[in-house]
Amino acid sequence: MSGATFPKHLLDFQEWERAQLESLLETAQMMQEVLARPVKKVPALTGFTVATVFFEPSTRTRISFELAARRMSADVVSFTSSASSTAKGETYRDTLRTLDQMGIDAYILRTDAAGVPHQAHRWLQKPVINAGDGWRAHPTQALLDAFTLREKLGSLEGKKIAIVGDILHSRVARSNAELLPRLGAQVVACGPATLLPGKLPGASLTTKLREALEEADAVMALRLQKERMDKGLLPSLPEYIAGYQITEARLAWAKPEAPLLHPGPMNRDVEIEGTLADSPRSLVERQVANGQAVRMAVLYHVLVGKR
Amino acid sequence: MKGEILFKNATLVDARGEHGTADVLVGEGRILSLSGGEAQRVVEAKGRCLSPGFFDLHAHLREPGQEVKEDLRSGLEAAARGGYTDLVSMPNTTPVVDRAEAVRALREKAAQIDRARLHPAAALTQGQEGQVLCEARLLREAGAVLLTDDGRTNEDAGVLALGLRYAASWGLPVAVHAEDAGLRRGGVMHEGEVSWRLGLPGNPAYAESARIARDLEVVRYVWEALETRPQGRSLLHFQHLSTRRGLELVRQAKREGLPISAEVTPHHLTLTDAHLEGLDPLYKVAPPLRTWADVEALVEGLLEGSLDCVATDHAPHTEDEKSLDLLRAPFGIPSLEVAWPLLYTELVQKRGFPLSVLVARFTDGPRRILGLPPIHLEEGAEASLVLWDPSQRRTVDPKGFASKARYSPWAGWGLSGWPLLTLVEGRVVFEGLG
């Protein structure tokens, strides 16, 4: 491990430098080794209490975080509430301040609105880990994507990573566009014109799938929310599939062996051909497994840090 | 000659210019003399400026129905502290101010409070629902000075045309919040590089200009068909311009002689979308904070007069509401108590904006839109005045606001130009001396 110091929170990657990120991924590698043992538990966070506070439901992410904390012997409490019920009564601020009176050491926060982790960080003066805020950021997802890509490709220096789908509304795309270039990769984001932002720092944008996939070292498909059709942003599902579904034939435009990632949960046969998702090219299950190791590393860094 | 208050050695600044120092004697609600005299109270005003009282064409005082955010007492007190002697309240309350009785009730209550004077605006359409016109004649008789569905956007151009024609016949201007609802969608901030990066729904600059372009055509249509065209009056007033493109359209239309007017807010003259980088709903406002290029254009527009006045769009909410997330927190920035010092400091002191022009945009500009005569500092003029200090610097501390909205995007800014004394027809409505 390097002697780098770390931000005591993970809101996004704005304050993170390459050396810190490399070191974090190295820690995740060590956590991966812990998870391979018969007894998957270390005492690193004994005595710490971690709260998962999810104002937007996400069972998978919450379980991944909670297991990560428990495997390092932290106590875990969880608070789940829908944004609608929160809006009616208690505010985010009240909820978090109430929890703060109970001696929580770190907060893992998920919301449907961008910026709440930043607001929480201002209110609490405790480490806040962003587990996804609106369309804005999902940093542990990007970290597990980077970890998984490095497992497969080695260094990301000079590698071309194509991200395909609803870029405009994707916190996964935004966090990857922030993180992967910091690790040396080049990101191309591709999707229908109505689902692309005007600009995305860290990524080049295209509506042409072939252009995005050619010479790509890896391809990431994003989940397509069905509500995009209701809002008139997409004509229809078949229209999307015709233009942007990742199929075996289209994956052949990328480099041979280029792996396929997906942040889950998948809409089989929408953004990704069902058979392809189960093929050896797919790293989807590996991503889930790596998620736990990466989240252990993040918790370790914000709570214990480096000497 | 004996008066009530004598301002000794006051520097006189009004819309016509800066007139050096004078001893201004006030009595019987008027300026009695500019050459001194006896008075019950003498105010040493050396190094301080005396100006006509400020007039705010656009403030949300939330009464009736939303008194938890603001009420007439706190809002009119805040206005007086800000140097305002007159204020137009927006009708998007609960219930909406769309009937003569509601206008009368507001005016009676405000008169008892005796701070800044209240001039209620009433809704253009009943319930601000954009369908059936309000009783313009009865509303005017009750004291409404302006009709607007502000808070909502007038989506139906046909209803707007009818409203303009009808309101014009009773001598009332119509004000619009010009944003195309379809282009604006769910935007919570300016659409651009910052919104794309932050992953927040964007409201494009063209939502404003597209609607202004449409409304200008509606005004043209109504204007051509009017039997009598009131000269020098504004038929349609554009609220809170935020974009360079919107300003260009207004400028062009004014050159062609269309009877329109426009306002700009303190926040659109001093803040940009970059302030959203910290992801704080304090900066969430409609129309949104735009780019620095827009700010530059708006300052230019204010100088040349394409923008007739500064209006606050003072929009208080509770601190809890402004602590919701960026999608759910309500739009609005409160500014009655800082508008003048803010713009005096940022425009006049820092950028060399001509002082008398800024005073004009706080006084004659808004008055002209409502068809009111100007107030200039001369014998016989109405003594609705503000004494302010151009030199002493003070930090904005929202905790001391009279407004119930005790937060501010300008908290911590060091400003000069703070009002010291506000008079309405010779009566002291704010006393901030010593």
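I call a residue buried under 20% relative accessible area, exposed over 50%, and partly exposed in between (1.4 Å probe, protein chains only).

I am reading a predicted model, where local features need pLDDT of at least 70, side-chain atom pairs count only at pLDDT 80 or more, and totals for chains, interfaces and linings use all residues. Residues are numbered from 1 along each chain as its sequence is written, chains are lettered from A and ligands numbered from 1 in written order, and side-chain values use heavy atoms, without hydrogens or water.

**Entry 1: S242(B).** I looked up its place first. S242(B) sits in the loop between β13 (236–238) and α8 (244–255) of chain B. Helices (H or I, at least four residues) and strands (E, at least two) are DSSP runs, numbered from the N terminus. S242(B) is buried, at 1% relative accessible area.

Which side chains make polar contacts with S242(B)? E208(B) does, at 2.8 Å. R290(B) does too, at 3.1 Å. Such a contact is a pair of N or O atoms within 3.5 Å; within protein, one must be able to donate a hydrogen and the other to accept it, and residues adjacent in sequence count only if both atoms are side-chain atoms.

I also checked D294(B), 52 residues away along the chain: its C-alpha atom is 6.9 Å from that of S242(B).

**Entry 2: strand β5(A).** I found 5 of the 5 residues of β5 (160–164) buried, so the strand is largely enclosed by the rest of the structure. K160(A), A162(A) and V164(A) lie on one side, I161(A) and I163(A) on the other.

I then looked for partners; strands pair if DSSP finds at least two bridges between them. β5(A) pairs in the parallel sense with β6 (186–190) of chain A over 5 bridges.
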